[in-house]
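Have the sequence and the model open as you read.

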Amino acid sequence: MSSHNFYELLGAARDATKAEIDRAFAERVKEFGGFDEVPESVQTAYITLKSATVREFYDWFLGQAESGTPIECDDEEKEQIDGYCRRWGYELVS
């Protein structure tokens, strides 16, 4: 993944409302000339940020990644976090 986070990819503020996230994605669709032309990274950003539950986890995860804070978890949590990392373009380092 590039150094951009999902908010930057969409062109939305971190405190954006769901409606603002929707509008930002709609603008990106227009910029790229249609939904089928939107890069997968932008689509992933939108899918992540439009869900309150996933967005909450992403915000926590992003804060941990930006601060360099290690994430302590059990094996089940590690598997779940690793799945998100793969989808979001990060690598979980043990």
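A quick word on terms before we start: a residue is called buried under 20% relative accessible area, exposed over 50%, and partly exposed in between. Keep in mind that this is a predicted model.

How many salt bridges does a search of the whole structure find? The search turns up 5. Side chains of opposite charge can pair when their charged atoms come close.

Start with Arg 14 and Glu 66, a pair that links distant parts of the chain, 52 residues apart. Arg 14 sits in the loop between helix H1 (6–10) and helix H2 (18–32), while Glu 66 belongs to helix H4 (residues 52–67). Arg 14 has 43% relative accessibility, so it counts as partly exposed.

Next up are Lys 18 and Asp 22. These two are 4 residues apart in helix H2, which means about one helical turn separates them. Lys 18 is partly exposed at 40% relative accessible area, and Asp 22 is partly exposed too, at 25%.

Last, go to helix H5 (residues 75–88), where you'll find both Asp 82 and Arg 86. They are 4 residues apart as well, about one turn of the helix. Is Arg 86 buried or exposed? With 58% relative accessibility, Arg 86 counts as exposed, whereas Asp 82, at 22% relative accessible area, is partly exposed.

Note on methods: Residues numbered from 1 in each chain as written. Predicted model: local features only at pLDDT ≥ 70, side-chain atom pairs only at ≥ 80, totals over all residues. Heavy atoms only, no water. Salt bridge = Lys/Arg side-chain N within 4 Å of Asp/Glu carboxyl O. Buried < 20%, exposed > 50% of the residue type's maximum accessible area, 1.4 Å probe, protein only.
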